[in-house]
Amino acid sequence: TPATPGQTEKLPLHIPVAMGLVGAEGEDLPLKLIDGTKLSRDNPVLQLTEAQQSFTFVDLDEAPIASLFRGFSAPVRVEYSQTKQELAFLMAHDSDGFNRWNACQKLIVGALKDLMAAYDAKQDFAVDKDLLEAFQSLLTNTELDQAMVAKMLELPSQQFMAELLPKPVKVDAIYHSLETLKQQLAKGLYAELVGVLDRIPLAKSYEFNAQAMAQRSLRNVCMSYLMALEQDEIVARCVEQYHQASNMTDQLAAFRALVHSNRTEKQQLIDDFYQKWSDEALVVDQWFMVQATAPQPDTLNQVKRLMQHAAFEMTNPNKIRSLIGAFCNNNPVNFHRDNGEGYQFLADQIIELNKLNPQVASRMATLMTRWANYDEQRAQKIKDQLARIQQEQLSPDVYEVVTKALNQ
C-alpha cells in the first residue's frame with residue numbers, strides 16, 4: 001500500500017486469494033497443499049497474511065493454469081505473467097465468470113499495447129490469431145451466459161487505457177489502437193457477429209428479465225463492432241433497429257452507432273430522435289451526450305452549435321454535464337487535440353460558470369488538474385488555460401481547484 005501523509009510505513013494487509021487450478025480439459029483440479037491441507041471446492045481461498053508467503057500444491061498429474069482472485073476476492077492489482085495461449089484458455093474454460101472476463105481484458109490490453117507500438121513505429125498490425133479464436137468461441141457458444149459474453153466483448157475505454165499505461169498519455173495512439181482493433185475484430189469475426197444478430201432478432205415487445213436484458217446487451221455490442229465497418233447492409237440493419245426498437249436500450253444503441261459513424265444517414269436520425277423525445281428531459285440529455293462523444297474531428301464545433309440549441313441551458317447542471325462535460329471528459333481524442341482548442345473551450349465555460357454556478361464550475365475545473373499526465377506540449381497548453389482562469393474574479397471553490405492544479 002503506498003505511503004500517505006502522516007503514515008509512511010504501511011503494514012501488510014490480509015488478502016484473501018480465491019483461486020483454482022484449471023486442467024487441460026478445462027476442469028478444476030483438486031487443491032491439496034504440501035502440508036496436507038485440502039481447499040474446499042466451495043470455498044478455495046488462500047489466506048495471505050504476511051508480506052511474503054508461498055503455497056505449494058501437490059498430487060497434480062498435469063501442469064495446471066492458475067486462476068487467481070476468483071470473484072474479485074480482493075481489490076488488488078496482480079502482476080502475474082501469463083502467455084496469450086494461457087489467457088485464451090482461461091477465457092474459454094475458466095469456471096469463474098470474473099476471471100474469464102479478466103483473462104479476456106488482459107488479451108485485449110495486450111493487443112492494444114502491440115497496436116500502439118505499431119502505430120508509433122508507423123507499421124502495419126494484424127490481430128493475433130489467439131484473440132480471434134477466443135472471441136469466436138465466445139460468439140458461437142450459446143450455452144454461455146450471454147450477459148457475460150457481452151461484457152467480455154466490450155473494449156476498454158480510452159480513459160481506462162490512459163490510466164493503465166505509463167505516462168505521458170499517448171492520446172492519439174490509444175484512440176488509433178482502439179479503432180483499429182475494433183475494425184480488425186469486426187472483419188475477422190464478421191460471420192460470427194452477423195450470426196448473433198440473426199440468432200437474436202430484434203424484440204417486437206419489451207421484456208424486463210435477465211434473459212432479455214442479456215440478449216439486448218449481446219446484440220448491441222455485436223452491432224457496434226459491425227458498424228465499425230460501415231457497410232451498407234449493416235448500416236441498413238442498424239437504421240432498421242433504430243426505427244423498430246421496442247425499448248430505449250435498443251434504439252439508443254443504434255442511434256449511438258450511427259451518430260458515431262461517418263454515414264450521411266445520421267443527421268436525419270439526429271433530427272428524428274430529438275423530435276421524438278423532445279419532451280423527455282433525460283432522453284434529451286442522452287441526445288446531447290451521444291453527439292458530444294462522437295469521434296469525428298468536427299465534434300467540438302458541433303458541441304458549440306448545440307450550446308445554442310433551444311434545449312440547452314447553461315443554468316441547468318444536467319445539460320452542462322451531458323454536453324460540455326461529456327465532450328471534455330468522455331471524448332479524449334477530441335478534447336486533447338494538440339491544437340489546444342479543447343482546453344480553451346473548457347476554460348471559457350469554467351469562466352462563465354464561475355458566475356452562474358461555482359460548484360459546477362469547480363467540478364469542471366478538475367478536468368484540468370491532471371495536466372502532468374500529458375506530454376509537454378499539451379501540459380503547457382492546459383497550464384496556460386488554468387493561468388487564464390486564475391486571472392478572473394473566482395469563487396472560492398474554483399480558486400482552490402485552479403490554484404492547487406497550478407502549484408502541483
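Helix 2 gives the second largest pocket the largest share of its lining, ten residues. Helices (H or I, at least four residues) and strands (E, at least two) are DSSP runs, numbered from the N terminus. A pocket, on a 1 Å grid over the protein atoms alone, is an open set of points where a 1.4 Å probe fits, with protein on both sides within 12 Å along at least five of seven lines, and its lining residues have an atom within 4 Å of a point. This is a predicted model, in which local features need pLDDT of at least 70 and side-chain atom pairs count only at pLDDT 80 or more, while totals for chains, interfaces and linings use all residues. Residues are numbered from 1 along each chain as its sequence is written, and side-chain values use heavy atoms, with hydrogens and water left out.

Besides helix 2, at least two lining residues each come from strand 3 (65–68), helix 1 (84–93) and helix 5.

The largest pocket has 41 lining residues, with E179, K182, S224, R256 and H260 nearest its centre. Its largest share, six residues, comes from helix 8. Several helices each supply at least two residues of this lining, among them helix 2 (97–120), helix 5 (158–164), helix 6 (171–188) and helix 8 (210–227).

A volume is the space filled by probe spheres set on the grid points, which are joined across faces, edges and corners. Ala, Val, Leu, Ile, Met, Phe, Trp, Tyr, Cys and Pro count as nonpolar, Asp, Glu, Lys and Arg as charged, and the others, Gly among them, as polar.

| Pocket | Volume | Lining by class |
|---|---|---|
| Largest pocket | volume about 1,500 Å³ | 19 nonpolar, 16 polar and six charged residues |
| Second largest pocket | volume about 1,000 Å³ | 16 nonpolar, seven polar and six charged residues |

**A residue of helix 2**

Q105 has its place in helix 2. With a relative accessible area of 10%, Q105 is buried; buried means under 20% relative accessible area, exposed over 50%, and partly exposed in between (1.4 Å probe, protein chains only). Leaving aside residues up to four places away in sequence, Q105 touches K151, M152, E154 and P156, where contact means heavy atoms within 4.5 Å.

Three of them form an open sheet in the order 2-1-3, with antiparallel pairing. Strand 2 (45–48) and strand 3 stand at the edges with a single partner strand each, so one side of each is left without a neighbour in the sheet. From one strand to the next, the twist averages 35 degrees. Two strands pair if DSSP finds at least two bridges between them.

Strand 1 (residues 15–22) is joined to strand 3 by four bridges, and the two run antiparallel. Axes here are lines fitted to C-alpha atoms, for helices over the stretch in contact, and angles run from 0 to 180 degrees between N-to-C directions.

Strand 1 also pairs with strand 2 in the antiparallel sense over four bridges, and V17 stands opposite L46 in strand 2. Strand 1 is mostly covered, with six of its eight residues buried.

Most residues other than glycine have a negative phi, and most peptide bonds are trans. Which residues are joined by a cis peptide bond? They are K167 and P168, with omega about 5 degrees. P168 lies in the loop between helix 5 and helix 6.

F69 is not a glycine, yet it has a positive phi of about 55 degrees. F69 sits in the loop between strand 3 and helix 1 and counts as buried at 13% relative accessibility. E230 also has a positive phi, near 55 degrees, in a residue other than glycine. E230 is in the loop between helix 8 and helix 9 (232–244), and is partly exposed, with a relative accessible area of 21%.

**A meeting across the chain**

T315 is found in the loop between helix 13 (299–306) and helix 14 (317–330). T315 counts as exposed at 58% relative accessibility. The C-alpha atoms of T315 and N357 are separated by 7.4 Å, with the two residues 42 residues apart along the chain.
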